[in-house]
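This explanation leads the reader through a structure step by step. It begins with confidence and then turns to selected local features.

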Amino acid sequence: MATLRGASLPSNPLFTDASPFHKPNNVHVPVNRLRASSAKTGSFSDNPASKRTKSPTQNAIFVEKTRNLSDNPKAESSSSASYCLSLLGTKCFGDCRQIHGLAVKFNAFEVDSLIGNKLAVAYSKNEESLGNARKVFDEIPKRTMAAYSALISAYCRLEQWDDMFLLLGLMVDEGLLVDRYLVPTILKACSATKMSKNGKMIHGYVLRKELDSDVFVGNALINFYANCGDLRSSRSVFDAMREKDVVSWTALVSAYMDEGLLDEATVVFHSMQLKGVKPDLISWNALVSGFARNGEIDLALQSLEAMQEKGLKPRVNSWNGIISGCVQNKYFEDALEAFYYMLELPENPNFVTIASILPACAGLRNLNLGRAFHGFAIRRQLCGNFHVEGSLIDMYSKCGRNDYAERVFLKAENKNTAMWNEMIASFVNQGKMEKALELLRLMQNNGPKPDVISYNTIFAGYARNGQKTEAYELLSEMVKMDLKPNIVSFNVLISGFLQYGLSYEALKLFQAMQSPSNVSFLGNVLAESARPNSITATSALASCADLSLKCKGKEIHGFTLRNGFERNIYVSSALVHMYSKCHDTDSATKVFRKIEARNTICWNALIAGHVSNMQPEVALKLFCEMLSEGVEPSLITLMILLLACGDMAALRSGRELHGYILKSQLDKSNSKLVNALIGMYAKCSSITEAKSVFNSEFKEDIPLWNVMISAYLVHRIAKNAISLFEQMEFRGILPEH
């Protein structure tokens, strides 16, 4: 890969060993998971604004039709109005501005207001001329339903929600009722802005006006409730529909997939076929991407095979669903494998593909591969999209090249809010809070207005740095900007304070969220109660664990029970950890035994709890029980158990664990695991075995030398410790202190 030179990024795709067309040698890619060539894929829309131009033939027709009127200033207004209407009713014009000028010239707007309405509709079809559409629309004395619908749909398409809802209110004030064609557009806006109450009001209106018999309205309602997380209502709407098409079934499959209910989604998909409805490409994509999003990559690939057996060829969105699902679940090598196979078919990647695969490079911290994909995107002319440029900023930032990230940002012609947020996140991750705040001020003054994500990103940085004063000041500023903090705002503050060690501050904020009227330190920020969710409760329990506040932890335990959070595995594990840290292993065990689907996280919490409470023998028994239930231990599990064996001087158990590690598929070269092994053997007085582990590992790791030297010193073998220290110096490894 050619290096990036000077102040600019590569203008030509330069591929060497990191070319996306060839699997890089330094990235392991599984070879058996992909043997077929699919998703409700959340594809990013490019919406390139393109001006309409007239062909020579169209221009000749326009000139011919307007010649007589242009040469005759006395032409009757009614004739000119009729002529303008006829032009707007045909496809012979290429630029609305010419008809607009003609209508103004002959005063046609005053003769027939329909001209203004039709002209507004025509303008609204092009993103660049939407401003003209609104200007014409505002001057129309009598607006039609068609004009309202066209502008509302245009605002919805461009996600300009404030303008859309403002126009909808104006329409209702003028006595025009929403029809069955406009209902799906409004429901889409309500789901995108999470305005569930407004969406339910629209549903009530639909029932009163008996619009629910329309299949398009029914489909929009299914999607609305699914996007708002109300699966029960989504299913209720589906069951009540008298007519269901393939879109209805697909929407329900997607709804179940979004909630992680894979079995239910599969049943619906098969029921669709039993009812005689043939799944189309979008239906199969919903199934494939749903499996991938939920981490079931093998099932996603099996669905791809089944899809082809049914005669449907996977398209680019099918593969995008696989790739994005792999990346979301941190299966970065599988994402790369899917991309390579996609190219071999061949299937041409699009903007979404590049924006989805770049996070895999970031996750692997593989700068060369990321630069290769950047070059690939340039050659395929896929770099002009702000989603791709945002992913490039994120990739370069996570790969440690923030200078490249800044260059991408500065060179981007169209910067949307998401791209600004990526750049803010880059500065926050570097710890450059002043730079991040400077970007926020630029957004407020010159760029797109900052959104909740912009503020939340800076909140996270301030909290992780322990800058609580700055964080709270920015929180107050956010409210003054008419931006309402969401649950994520408080979660990042609480988790950030906890990470910095401000456990009491984290707990204080959690309490403020529950009873805002009883606190004064946040002023009007918490004017109404912000209900904590399962993530908030998990962080609050961790604070109680750090502070050994068992009574407060029990209060939060009650809160989780009242809100149904205890079924969440992370909340349950946090409860086990809290009780263990408060030296109440009996309560920790009771919570643990109530967990239905126990995973490695909750097992680790209980095992670690017993080890920290000087009950290592119980920890070892739990490990055997864990294996009998078929739960695979993680590196953390084994390090906890090695500590237990060392504390008990249980050499035999320690050797058995060592054997398990050697036979398992775990990363045996992990330095922390190796250190734990050496420490265990040293505590068990088996220096020979400790030295054997040390000799078999990579010798450039300073902590590895430290733990072996410490083992010699603990056992008063000073001569060997000095000899090892001299070997360390001879190899050029500098001691830490």
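What pLDDT does the chain average, and what share of the residues score at least 70? The model is a predicted one; its chain averages a pLDDT of 80, and 80% of the residues reach a score of at least 70. Confidence is lowest in helix 1, residues 56–71, where the mean is 45. It is highest in helix 25, residues 452–464, at 94. Over residues 1–76, pLDDT stays under 50, and for this stretch the model has 168 contacts beyond four places in sequence.

A pair of helices may be considered next. Two packed helices are described by the angle between their axes and the distance between the axes. For helix 35 (residues 635–648) and helix 36 (residues 651–663), the axes come within 9 Å and cross at roughly 160°. Because angles over 145 degrees count as roughly antiparallel, helix 35 is roughly antiparallel to helix 36. The crossing in which helix 35 passes helix 36 is left-handed. On the side of helix 35, Leu638, Leu641, Leu642 and Cys645 take part, meeting Ser653, Gly654, Leu657, Tyr660 and Ile661 of helix 36. By class, this contact has seven nonpolar residues, two polar residues and no charged residues.

Phe165 lies in helix 8, which spans residues 161–173. Its relative accessibility is 22%, so Phe165 counts as partly exposed. Leaving aside residues up to four places away in sequence, Phe165 touches Ala189, Cys190, Thr193 and Met195. Tyr155 is ten residues from Phe165 in sequence, and the two are 9.1 Å apart in space, C-alpha to C-alpha.

Technical notes: Residues are numbered from 1 along each chain as its sequence is written. This is a predicted model: local features need pLDDT of at least 70, side-chain atom pairs count only at pLDDT 80 or more; totals for chains, interfaces and linings use all residues. Side-chain values use heavy atoms; hydrogens and water are left out. pLDDT is the predictor's confidence in each residue, from 0 to 100. Helices (H or I, at least four residues) and strands (E, at least two) are DSSP runs, numbered from the N terminus. Contact means heavy atoms within 4.5 Å. Axes are lines fitted to C-alpha atoms, for helices over the stretch in contact, and angles run from 0 to 180 degrees between N-to-C directions. Angles under 35 degrees count as roughly parallel, over 145 as roughly antiparallel, 65 to 115 as roughly perpendicular and the rest as oblique. A crossing is left-handed if the near helix is turned anticlockwise from the far one by less than a right angle, and right-handed if clockwise. Ala, Val, Leu, Ile, Met, Phe, Trp, Tyr, Cys and Pro count as nonpolar, Asp, Glu, Lys and Arg as charged, and the others, Gly among them, as polar. Buried means under 20% relative accessible area, exposed over 50%, partly exposed in between (1.4 Å probe, protein chains only).
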